[in-house]
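Hi there,

Here is the structure I promised to pass along. Have a look at it first, and then read on for my notes.

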Amino acid sequence: MIKRELYMKRIRPFMGKDIVKVLTGIRRCGKSVMLELIKEELLEQGIEKSCILSINFETRALDYVKDVESAYRFIQSYAKKIKQKLILLLDDCKCRESIFSLQYHQVFKE
């Protein structure tokens, strides 16, 4: 995997801050690779592997996460198990349109 230091230098100042970070770009530009690099760096910094939940919605490994409610329940269940701050790395969210549709506001509202 190519270490993209220029991009990592731009991302590092935001790592560890309690804000949502969104990586955008055209297809096949390296967004998934950047998520893996971020994950590697977090692990190198001493973040426990169990505190990083990496979900790629393009894979069929998560077929049971079909809508926003099931995704929310899955993430909440995982977060309760680790009882620590959870870092979510969500990749290819567009592949499960219903997860980030209008239903989002029904489940994630405060």
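The accessible surface of the chain is about 8,300 Å², and carbon and sulfur atoms account for 55% of that.

A word on the ground rules. This is a predicted model, where local features need pLDDT of at least 70 and side-chain atom pairs count only at pLDDT 80 or more, while totals for chains, interfaces and linings use all residues. Residues are numbered from 1 along each chain as its sequence is written, and side-chain values use heavy atoms, with hydrogens and water left out.

Now the overall picture. The chain has four helices and two strands, taken as DSSP runs numbered from the N terminus (H or I, at least four residues, for helices; E, at least two, for strands). In sequence order they give the pattern α-α-β-α-β-α. Of the 110 residues, 27% are buried; here buried means under 20% relative accessible area, exposed means over 50%, and partly exposed is in between (1.4 Å probe, protein chains only). Taking contacts (heavy atoms within 4.5 Å) between residues at least 6 apart in sequence, 71% join residues at least 24 apart.

Arg28 is not a glycine, yet it has a positive phi of about 60°. Its place is the loop between helix H1 (5–11) and helix H2 (31–44), and Arg28 is exposed, at 79% relative accessible area. Lys83, also not a glycine, has a positive phi of about 55°. Lys83 sits in the loop that runs between helix H3 (68–82) and S2, and it is exposed too, with a relative accessible area of 73%.

Asp92 is a loop residue as well, placed between strand S2 (87–91) and helix H4 (103–108). Asp92 counts as buried because its relative accessibility is 15%. Leaving aside residues up to four places away in sequence, Asp92 touches Ser32, Asn56, Phe57 and Glu58.

Finally, the cysteines. How many disulfides does a search of the whole structure find? The count is zero, with a disulfide taken as a pair of cysteine sulfur atoms within 2.5 Å. Cys29 is partly exposed, with a relative accessible area of 37%, whereas Cys51 is buried, at 4%.

Conventions. Accessible areas come from the Shrake-Rupley method with a 1.4 Å probe; for residues, only the protein chains shown count as cover.
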